[in-house]
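Dear colleague, here is the note you asked for on this model.

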Amino acid sequence: MRRKKRILGVIMVVVALTIMLLPVSEAGAETQASDFRMEGSTLVKYRGSDKNVSIPSTVETIGRSAFEDNANIELVVIPNSVKKIDPYAFWGCGNLDTVVLGKGLKEVGDYAFAKCGGLEQMVIPANVISIGIQAFADCANMTDISIPRETTSIHETAFEGCVRLAIHCEEGSTADQYAESFYERQKEMPGYGEAVKDEPGVREPDTGDTDQAPDNDQPAVEYDPVENGNELGSTSVVGNQAVVLMDNTKLNVVTSGREQEAVQPGTGDVLQQSPEGGIPKFAIVDGRLVADQAYYCSMTLGEVTLPEGITEIGEFSFARSSVTSVNLPEGLEKIGYSAFYHCDSLKKVVIPDSVMCVEPKAFSRSGWVEDFLQGKDAGTPAEEAFLIEGGVLVAYRGSTPEVKIPESVRVIAGEAFRNHEEIEQITLPDSLRVIGEGAFENCSGLKQVSFGQNIEEIKDRAFLGSALQKMNLPASVKKLGLKALGDAAVTYEGAEPERTYESSATRLSNADYRVYGTQEEQDPGVTVEGVEEVFGVSPSEHLRRGATLLAEADRNYTLTVKKPEDTGGMEAAFARALQKPVPEDLFCFELTLTDDSGIPLTKLGRQSLSVVLPIPETLLGQELRVFTLDRNGQLEELKADRVQIDGMEAIQFRTDYLSLFGICGAGEAENK
């Protein structure tokens, strides 16, 4: 279990003690006394601009919001005299990466270190009794914390949003019990181990689905903060707090009424750039897609209006942001998984009637949905039991055994009725076209469904876990997802529908979402096929099976190397990101990973794939660069090594997403 990594915990303690024993100047935290505004023994406000801060030994309490939103501070040494850290003391200190807590500390207050995106590790001293509400919430890069046995009160939300956190503690302690429940909650949390990509000021963590991080020697990428006003491009302003996003090819940027300098086509809305300055990424891709995690945790948003031309909103694109209202454009077709998850301030959403897909948790725990769910007790009139916007049924708060979906509903959003065990009968209207992924999943009392005559698509797991035994699908149904009807026996009034699957089924970790054949016992590992056809080289047995590795593989997987039918995506990515054509010697190929289900597995999470392939003849003797495309079709470069496999010159790289790849030369290799 992650909480029992004692060696790392000991190392963390030693490092903390070492810093505490250093003279202030050596710790890099020398600070002027005039920088601290005091009221008695309470530090009310820090007024300095130092990166490294040593709090005076006269301080007993670090007051409410004393360092809040301080963008300068990177290291703080808290002396043994401090007994309490008040609420919001270090809230939003995005660049704070090192905190040494004194051994006199007894209480870490509510929200004390919330939204400190730079924090990675923390050692809680033995005197600390309590850790408050969301004390470390949304510290997305925190990987390790040591909590002593003496800490007997840890609020359930203390580490909410810490998607990469391992808790180190003693078995049987309060922290041990907390860790058990924390890891269980993490599994249900959207984005458990997900990549928080492209967020300014936030390190890109592993794209994980499991508790175990990959053995990956590729350094994590640090992203510099984007200047205020450049996170979002705007073409107009609606109201005092409005932010209107723009296509990245536009010239002018206007945010909250302040016009910025003109930027060149292709350089607006830059989310992040590689450390070498080579490959930028954009918040809005080609004027049609809001990228995954584009504005994740952004606290600069208010009213947001998306421009026409946007057809898809990516996964986690606005999650945990400060957005207060959102006006979605006509022509939008899809709202991605957890797109507005936990947007606490979101109160108003306008959805156009062009939207035909709202993925699970798209608005979960947003203020909009939470206000609706908590608005009235069970037993509300039927018309008040549904949250409907633009023909999309987003949420349900009723409790009756018989449910009649209102006419005018076109789409039932993913998981809208999930876990409503009291429902026994559902009547669907003729207006309904799409039943979303997991819409009625685990409605264990559901025994009867009356379909409208215009239903066209039933997505994955829509009725999985229900009590339905028989279902008669109308002829209008054209698409039927994986496990959509659970264990029910199905008859079709028309032709049997096309079998489809959602992107969730392509996640390596979601093995339960897929459908398998015999499921015979297998030797875990990865078999590589198609090398000879694509690379023109007959691979050795070790190269075909054994050199390419998938971390913690639990079964046999097949990695198929294919010649791409179309390289247009790679060409477009080079033009968009680097404003130049693909290199003349770029050797393109496509990688597809499958298990017995036959579904291509694209998102691998922390179980990263170490790929070993022969070097194309045209590139022998050269240093190599490997490029790939992310889920949004944006260009990325992977770290690559030249290796020898059975006397054959090969290239090795790691990836957590399978798509189109390209290899090109980067000059003559030093050691051929």
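The numbered points below go through the cores, the strand pairing, the aromatic rings and some single residues.

1. Basis of the note. This is a predicted model, in which local features need pLDDT of at least 70 and side-chain atom pairs count only at pLDDT 80 or more, whereas totals for chains, interfaces and linings use all residues. Residues are numbered from 1 along each chain as its sequence is written, and side-chain values use heavy atoms, with hydrogens and water left out.

2. The largest core. A nonpolar core is taken here as a set of buried Ala, Val, Leu, Ile, Met, Phe, Trp, Tyr and Cys residues joined through side-chain atoms within 4.5 Å, where buried means under 20% relative accessible area, exposed over 50% and partly exposed in between (1.4 Å probe, protein chains only). The largest such core has 49 residues, and those with the most contacts inside it are Ile62, Phe67, Phe90, Phe113, Phe136 and Phe159. Strand E2 (42–46), strand E13 (166–168) and helix H2 (174–188) are the elements that give two or more residues to this core, and H2 gives the most, with five residues. Helices (H or I, at least four residues) and strands (E, at least two) are DSSP runs, numbered from the N terminus.

3. Phe90 and the second core. With neighbours within four places in sequence left aside, Phe90 is in contact (heavy atoms within 4.5 Å) with Ile62, Phe67, Val76, Ile78, Ile85, Leu96, Ala112, Phe113, Ala114 and Cys116. A second, separate core has 39 residues, including Ile284, Val285, Val290 and Val434.

4. Strands are said to pair if DSSP finds at least two bridges between them, and an open sheet of three strands in the order E9-E11-E13 shows parallel pairing. Its edge strands are E9 (121–123) and E13, each of which pairs on one side only. Strand E11 (residues 144–146) and E13 run parallel and are joined by three bridges, with Ser146 standing opposite His168 in E13.

5. Antiparallel pairing around E47. Strand E47 (residues 648–655) is joined by six bridges to strand E43 (residues 609–614), and these two run antiparallel; the bridge partner of Pro614 in E47 is Ala650. Six bridges also join strand E46 (residues 640–645) to E47, again antiparallel, and here Arg642 has Ile651 as its bridge partner in E47. The hairpin of E46 and E47 has two residues between the strands, and Asp646 takes a positive phi near 50° in it.

6. Aromatic pairs. Rings of Phe, Tyr and Trp (its six-membered ring) pair if their centres lie within 6.5 Å, and planes under 30 degrees apart count as stacked, over 60 as edge-to-face and the rest as tilted. The structure holds 28 aromatic pairs. One of them joins Phe316 and Tyr337, whose ring centres are 5.7 Å apart with the planes at 70°, so this pair is edge-to-face. The two residues lie 21 residues apart, Phe316 in the loop between strands E22 (312–313) and E23 (325–327) and Tyr337 in the loop between strands E24 (334–335) and E25 (348–350). Phe316 is buried at 3% relative accessibility, whereas Tyr337 is partly exposed at 23%.

7. Tyr396 and Phe417 form a tilted pair, with 4.8 Å centre to centre and 35° between the planes. Tyr396 is buried at 5% relative accessibility, and Phe417 is buried at 0%. Ring pairs also link a cluster of Phe36, Tyr46, Phe67, Phe90, Phe113, Phe136, Phe159, Tyr178, Phe182 and Tyr183.

8. Charges over rings. A charge sits over a ring if NZ of Lys or CZ of Arg is within 6 Å of the ring centre and within 35 degrees of the ring normal. Arg461 lies over the face of Tyr513, 3.7 Å from the ring centre, and the charged end of Arg555 sits over the ring of Tyr516, 4.8 Å from its centre.

9. Glu312, in strand E22, is buried with a relative accessible area of 19%; leaving aside neighbours within four places in sequence, Glu312 is in contact with Arg288, Leu289, Val290, Leu332, Lys334 and Arg631. Lys447 is found in the loop between strands E32 (434–435) and E33 (448–450) and is exposed, with a relative accessible area of 61%.
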